Amino acid sequence: METEIISKLKELSKISNELDLPEEIRTTLTQEVINYTNNFINKLSTVRAFTDKSANNLAIDNNKKSISHLLNLYQKEVVETGINAASGTHLGYIPGGGIYTAALADFIAAITNPFASVYYASPGAATIENEVVNWIKAVFSFPKNSVGSLLSGGSSSTLVAITAARDKHKIKNEKILKSVVYLSEQVHHSSQKALRILGLEDIIIRYIPLDEFHRIKPNALETQIKKDIDAGLYPFLIIATAGTTDTGAIDPLNDIANIAQQYKIWFHVDAAYGGFFILTSKKEKFNGIERADSLIVDPHKALFLPYGIGAVLIKDKDAVLHSNHYTANYMQDGFSEELVQSPSNLSPELTKHFRGLRMWLPLQIHGIEPFKACLEEKLLLLNYFRNKLLSLGFKVGPEPDLSVSYFWYPFKENQEEKNKQLMDAIHEDGSVFLSSSTINTQFVIRIAILAFRTKKETVDKAITMIERCLKKIN
Ligand SMILES: *Cc1c(COP(=O)(O)O)cnc(C)c1O
C-alpha cells in the first residue's frame, strides 16, 4: 500500500515539477520576455495609438505552447488591437502609461508573493501597504489617524468611501427614500454606479448647477440643501470632483467643505484623475480637499503606474471598520494585532495583489521630483495644444483647471455631424488617439494629456494629424 503511494507520488511529481522551473529555464524565459518588452518600449513612439480591430485566437485549449509563440500572439491580438495605452500618443479617456519600475515591483511581488492584507502574515508587506497610504495622506494633508486602503482603481475605492458614508449616517431601510446626495453633472459615473451597488438606488440625487468652467456653484448647492431640509428630507452626501473626467475642472472644494460642515453632510472628493496635481503649481486650487471626509485618487492615472491601483482615504475609522472588519475562527492567530495595521479590515478584499509595492518601489527609486515635473509638463502641454488648435480655427472649451479639455470645429453647416466625421477620421488615422464626449448637449472631441510619455513632439504629431483629418472633412 505504502509503496504504491510512494510510486504514484513520484510519477505525479515528475509532471507537477514543471510548475517549479529550474534556473536555466527561468533565465531563458525571462530573457525572451525582456527582449520582447524592450522592443515594445523602443517602438512606442512610432507605432499606432489606436487600431479598430477585434481580437481572436485567444481561447485556451490546454495544449502546450512556447513563450515565443505566445509573445507573437500577444503582440498581434493584444498590443495591435484597440488603444496602445502605454504610448504617449494615448490622449483619450484618462491615460497614464505604466512606468517600468512599477512593473519590476509587480514581478518581485508576484515571485515573493507575501500576504499583504494581514499584518500577522506579512508585517513587512502590510507595512508597505500602510506606508503608501501614509504617503498619500501626507500629500492631501489628511490627519495621521485617518485610514485608507489600496484597491484596484477609482471605482472600487469609491465603493469603500460611500459605504463608510452610508454606515456613518445609517442610511438604510425607509431612510433611503428621504436621503439626498448632491452631485455635479460632470461627476464620474462610478459615483452613481456605487450608489446602486450599495443599495442606495432609490436615494434622491440632486444635480447642482455649474458655472461656465463646469464647477459646482456653492450658492446653488446651499439653496438646494436648505430646500431639502425644509421639505423634511435628509441631506447626507456631497460628492465634489477635483479634476473632472470631461472638462478637467476642480469644484470649489473649500466653499463646499464649509457647507458640508455647517449642515453635517458627508463630504466626499473624487480626485481619481486630478488629485496628484496637488503636487504642482496648481496646489491652491485644491484648498479644502484636506477637509473632505473621504477622498479617492488613482495612482494608475496621475502617478503613471500600470492599471490596477486606486486609493481611498477616510477620516472616520469606525465608519470603515463597520462594514469591513469581521472576525472568523480561522483568522484567530492574528486577533491580537491592532485592527488598522491589517489592510483586510479596511476594504472588502482579504487575499489581494500586493499592490503597495508597485507604488512604493518607484517612489523610493525615483523620488518625487520626476513625478512633479511630469505633471507640470502635462499642464503646459495642454496649454500648448489648445493654442495650436485655436490657431487652426478650432473652438476650445473654457480654460480647464488641469490637463483635460475639449474642442470642436465651427463648420458653417452640419456642425455636429461634421465634428463626428472628424472624430471618425481621427480614429481611422490612429496615429494619435483622442476620444469624444457630449458637453451641454454638444458633441465635442476631448484631449486628455496625462501619459508620462506624452511630450511636445506628441502634441505636434497630434496637431499634424488633426489638420490632415480636417482636410478630409472640409
Ligand atoms: C477614472 C475616474 C474614475 C474611475 O476610476 P477607475 O480607476 O477607472 O475605476 C472615477 N472618477 C474620476 C474623476 C475618474 O477620472
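Predicted model: local features only at pLDDT ≥ 70, side-chain atom pairs only at ≥ 80, totals over all residues.

Which atom of the ligand is 2.8 Å from an N or O atom in the side chain of H300? It is an oxygen atom of the ligand.

In G154, a polar backbone atom is 2.7 Å from an oxygen atom of the ligand. In D270, by contrast, a polar side-chain atom is involved, and it lies 2.6 Å from a nitrogen atom of the ligand.

I turn now to the overall organisation. The protein is divided into domain 1, residues 106-366, and domain 2, residues 369-473. Taken over C-alpha atoms, the centres of the two domains are separated by 30 Å. Where they meet, 30 residues of domain 1 are in contact with 23 residues of domain 2.

The size of an interface is often given as the accessible area lost when the parts come together. Here, domain 1 and domain 2 bury about 2300 Å² between them, and 66% of that area is on carbon and sulfur atoms. On the side of domain 1, D246, F277 and F304 supply 29% of the area buried against domain 2, more than any other three residues.

As for the helices, α10 (299-302) and α12 (357-366) each supply at least two residues of the side of domain 1 that touches domain 2. The helix that gives the most to this side is α12, with 3 residues. By type, the residues of this side divide into 14 nonpolar, 10 polar and 6 charged.

Finally, I would draw your attention to H427, which lies in helix α14, residues 415-429. Which residue is 377 residues from H427 in sequence, yet 6.9 Å from it in space, C-alpha to C-alpha? That residue is F50. Leaving aside residues up to four places away in sequence, H427 touches R48, F50, F433, L434 and S435. With L434 there is a specific approach: the side chain of H427 reaches the backbone oxygen of L434 at 2.7 Å.

Thank you for your attention.

Note on methods:
Residues numbered from 1 in each chain as written. Heavy atoms only, no water. Domains from an automatic or database assignment. Contact = heavy atoms within 4.5 Å. Buried area = accessible area lost by both parts, 1.4 Å probe. Helix = DSSP H or I, 4+ residues; strand = E, 2+ residues; numbered from the N terminus. Nonpolar A, V, L, I, M, F, W, Y, C, P; charged D, E, K, R; others polar. Polar contact = N/O pair within 3.5 Å; in protein donor to acceptor, adjacent residues only side chain to side chain.
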